[in-house]
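Keep the viewer open as you read.

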Amino acid sequence: MRIFLTLPIFLAAASPAPAQTSDLPVASAQENRSAGDDARFYLLADVDHIEGDAGQGLDYKTTFATTGIAMTTGRFSASASLPYISSTAPQEVIVNQGGLFGTPLLASDGSQTGQVKREGIGDLSLNAAYKLPVSGVNATVGASVKLPTASREKGLGTGKVDYGVSGQLSRKMGAVVPFVGAGYTIVGEPDDFETRNRLSGTAGSHVLLGKSSALTASYSYEQSASTSIGDSQSLNMGFGTSLSRSVRIGVDGAVGLSDAAPDTRVGLKLRVGI
C-alpha cells in the first residue's frame with residue numbers, strides 16, 4: 001500500500017500480529033480451565049515477515065524474530081518478549097514496532113539515500129491479562145508496556161516507553177468463537193516531534209477444528225500516532241494446532257486494506273510448555 005508524503009517517514013513496519021489473529025490464546029484458555037490455579041510456563045518463538053512501500057518507491061522488507069516466555073495461573077496470564085529485527089528499507093524509513101509517524105528522521109541527518117540494511121534488538125514488550133469472572137461471555141482485560149531496548153541510532157526504536165490497555169470479549173457458539181477487541185496506547189513522545197495516542201480494534205472469529213486445531217479470521221484497525229499519516233486497516237487469517245500436549249504451532253498472515261498498512265505479512269508461531 002502506498003503513502004505519498006513530503007516528510008521523511010518513521011515506519012513501524014508491522015509488529016507481530018495481535019493475539020486475536022491467532023488461536024493460541026484460545027488453546028491457552030482451554031488448558032487453564034483444566035489446570036485450575038496451577039502455574040504453567042511456556043517458551044514462545046515467532047517469526048514475522050512484512051513487505052510494503054511508503055510511497056514514491058520507498059519499498060521495505062522487514063523480519064521480526066521474536067522470543068519470549070509466558071505464564072498462566074488461574075485467570076491471570078503474563079508474557080515478556082524481545083524481537084530481533086532485520087530490515088532493508090530506504091534511509092528515510094525507520095523500522096519500529098510502535099506506529100507509523102510522519103516525522104523528522106530519527107536515525108541520522110537524512111543525508112543518505114537508497115536502500116539501507118539494518119539489524120538489531122527491538123523493544124522489550126511486557127504484557128499481562130486477566131479473565132474476568134463473568135457469565136455468558138469470555139471477557140479479558142490486559143495491560144502492556146514497551147520498554148526502549150531498541151537502538152534509536154540505528155532507526156529501530158523511538159527511545160521512549162509506550163503503555164497500553166486492552167480488552168476482548170468472546171463467546172463460544174458450538175464450533176464458532178466470535179470475538180471483538182479494543183486497545184488504547186499511550187505513545188512515548190520522542191524529542192523534536194509530536195505524537196498522539198492510538199486507538200485500535202479488531203473483530204473476527206475462531207473456528208474450532210476438532211479438539212486441538214482452530215482457524216481464525218479477523219479485521220483489525222489501528223489509528224496512526226501522527227495526524228499526517230493515515231490509519232492502518234488489514235484482514236488477517238491464522239491457523240493453529242497442537243503437535244503434542246506441550247507443543248503448539250500456528251501460522252498467520254495479513255493483507256493491508258489501507259495505504260498506511262503493510263502490503264503483506266506472514267508469520268509462524270511456536271509455543272512449548274515447560
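This is a predicted model: local features need pLDDT of at least 70, side-chain atom pairs count only at pLDDT 80 or more; totals for chains, interfaces and linings use all residues.

The protein chain has 16 strands and 1 helix. It runs to 274 residues, and 44% of them count as buried. Take the contacts with a separation of 6 or more: residues 24 or more positions apart account for 61% of them. The chain exposes about 12800 Å². Carbon and sulfur atoms supply 60% of that area.

Now the charged side chains. Side chains of opposite charge can pair when their charged atoms come close. The structure holds 9 salt bridges. Three of them are described here.

Begin with aspartate 48 and arginine 265. Their side chains meet in a salt bridge, at 3.0 Å from N to O. Aspartate 48 sits in strand 2, residues 40-53, and arginine 265 sits in strand 16, residues 264-273, so this pair ties together parts that are 217 residues apart in sequence. Are these two partners buried or exposed? Aspartate 48 has 0% relative accessibility, so it counts as buried. Arginine 265 is at 5%, so it counts as buried too. The cut-off for buried is under 20% relative accessible area.

Next, look at lysine 269. This residue forms a salt bridge with aspartate 252, and the closest N and O atoms are 3.6 Å apart. Lysine 269 belongs to strand 16 and aspartate 252 to strand 15, residues 247-256, so the pair ties together parts that are 17 residues apart in sequence. Lysine 269 has a relative accessible area of 6% and is buried. Aspartate 252 is buried as well, at 8%.

Which residues do salt bridges with shared partners join into one network? They are Asp46, Asp48, Asp252, Arg265 and Lys269.

Finally, turn to glutamate 119 and lysine 117. They form a salt bridge, with the closest N and O atoms 3.4 Å apart. How much of each residue is accessible? Glutamate 119 has a relative accessible area of 34%, so it is partly exposed. Lysine 117 reaches 51% relative accessibility and counts as exposed. The cut-off for exposed is over 50%.

Then select lysine 269 with aspartate 252. End on glutamate 119 with lysine 117.

Notes: Residues are numbered from 1 along each chain as its sequence is written. Side-chain values use heavy atoms; hydrogens and water are left out. Helices (H or I, at least four residues) and strands (E, at least two) are DSSP runs, numbered from the N terminus. Buried means under 20% relative accessible area, exposed over 50%, partly exposed in between (1.4 Å probe, protein chains only). Contact means heavy atoms within 4.5 Å. Accessible areas come from the Shrake-Rupley method with a 1.4 Å probe; for residues, only the protein chains shown count as cover. A salt bridge is a side-chain nitrogen of Lys or Arg within 4 Å of a carboxyl oxygen of Asp or Glu.
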